[in-house]
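Please look over the model below before reading my comments.

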Amino acid sequence: MISRVFKLRMWAPVGVLTSLTYCLHQRRVALAEPGGADDQNPVDRSLLELKMVQVVFRHGARSPLKPLPQEDQQVEWKPQLIEVPPQTQLDYTVTNLAGGPKPHSPFDSQYRETTLKGGMFAGQLTKVGMEQMFALGERLRKNYVEDIPFLSPTFNPLEVFIRSTNIYRNLESTRCLLAGLFQRQKEGPIVIHTDEASSEVLYPNYQYCWNLQKRTRGRRQAASLQPGISEDLKKVKEGMGIASSDEVDFLVLLDNMAAEQVHNLPSCPTLKRFAWMIEQRAVDTASYILQWEDRESLQMAVGPFLHILESNLLKVVDPATPPSKTRKLYLYAAHDVTLMPLLMTLGIFDHKWPPFAVDLTMELYQHRESKEWFVQLYYRGKEQVPKGCPDRLCPLDKFLNTMSVYTLSPEKYHMLCSEAQVMGLGNGE
């Protein structure tokens, strides 16, 4: 989703301090300061009970969103690349957030307008991508079904909530993940919830958030003119024989390069030679567009999504929440442009572009004796220490304090997004 989401008219961010919801809840549940790195009493992990898991993941490998301008630099994307592996086949239904009919997907309509060399459409999930997602599902199965008997070995709709952006490659990626996680076995219907593109919060939504759109307008083009980025872009384009007037930036180059490499397609030698630089400059470009040092930009980009993740945590912790209102596992099918600002807000961004089928996993534990709550965070299957946390096992109150800097309720998100319109701000460049 690199190119589409960093277009001029599509996304937004905002920031807040510790939410009133959490303050009230903190008094109610009395989250205690746990023993850990702050004192001499480390937590006995054998006394921790897993209560809930949230997984945010990027879709599997796909075809590029926009081809390179010169045909001799394009690889062939043949229909054989999208054959469905039998082990990933699984029936599912897609609804809107209220349970009604699946909304129209303007992104998918746009992708079908671009036919790549070889016959495939832009942005299509491939067999490789399906296998990646199946493998991620099998890893989750090992973690939460085999190693720890947390989830039922068969899909149970009372245990799992699934939400995806309304883009076909994400819906199909979710299918493959579920096929791997539950080995195609289910006790009830699999329902994937999604939202209208105009109000989606699983990616920075420039279309809805007027303030974010206004701030970022023109920055993608301006990024290519920044010192360092400009010189490196000229070097790569000259090496590939791309005219300086062609609208090719590091986001387009990375998108094509990453797609070609993961499918072992005969990529352009220049792309291979400058692979590391292209990725780093793509990250620099994305950073320039969103201005990640600006808290409000990050808030508008992922604040509403953080609010959803926070609300899920608080519902589990609240003893007044009926069991029917929570799930053991929450799955969110998102994009690279979701994960980058999300990792930034948590203080664990590694300055590498999130690869296909990557996951950010958040586990919630309760101590059986002290009843204290903890969060454990993983990115790409590796333990992380979020900022503000003393250790990898983070006390819930500290973790929520970190999130609260960027979390936005729907009301605050709407207010912040419309703020520039009311105040008549400039374009923020």
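1. Basis. This is a predicted model, in which local features need pLDDT of at least 70, side-chain atom pairs count only at pLDDT 80 or more, and totals for chains, interfaces and linings use all residues. Residues are numbered from 1 along each chain as its sequence is written, and side-chain values use heavy atoms, with hydrogens and water left out.

2. Overall confidence. The average pLDDT (the predictor's confidence in each residue, from 0 to 100) is 89 for the chain, and 88% of the residues score at least 70.

3. Over residues 7–40 pLDDT stays under 50, yet the model has 118 contacts beyond four places in sequence for them; a contact means heavy atoms within 4.5 Å. Residues 424–429 also stay under 50 in pLDDT, with 15 contacts beyond four places in sequence. Where pLDDT is low, the predicted coordinates should not be read in detail.

4. Salt bridge count. The model holds 17 salt bridges, each defined as a side-chain nitrogen of Lys or Arg within 4 Å of a carboxyl oxygen of Asp or Glu.

5. Asp-147 and Lys-142. These side chains form a salt bridge, at 2.9 Å from N to O. Asp-147 is partly exposed because its relative accessibility is 48%, and Lys-142 is likewise partly exposed, at 43%. The classes are buried for under 20% relative accessible area, exposed for over 50%, and partly exposed in between (1.4 Å probe, protein chains only).

6. Arg-215 and Asp-294. What is the N to O distance in the salt bridge between Arg-215 and Asp-294? The value is 2.6 Å. Arg-215 sits in helix α6 (residues 210–216) and Asp-294 in the loop between α11 (275–290) and α12 (295–317), so the pair ties together parts that are 79 residues apart in sequence. Helices here are DSSP runs (H or I, at least four residues), numbered from the N terminus. Arg-215 is buried at 16% relative accessibility, whereas Asp-294 is partly exposed at 24%.

7. Asp-249 and Arg-220. The closest N and O atoms of this salt bridge are 2.5 Å apart. Because Asp-249 lies in the loop between α8 (229–240) and α9 (250–262) and Arg-220 in helix α7 (residues 219–223), the pair links parts 29 residues apart in sequence. Asp-249 is buried, with a relative accessible area of 7%, and Arg-220 is buried too, at 14%.

How values were computed
Helices (H or I, at least four residues) and strands (E, at least two) are DSSP runs, numbered from the N terminus.
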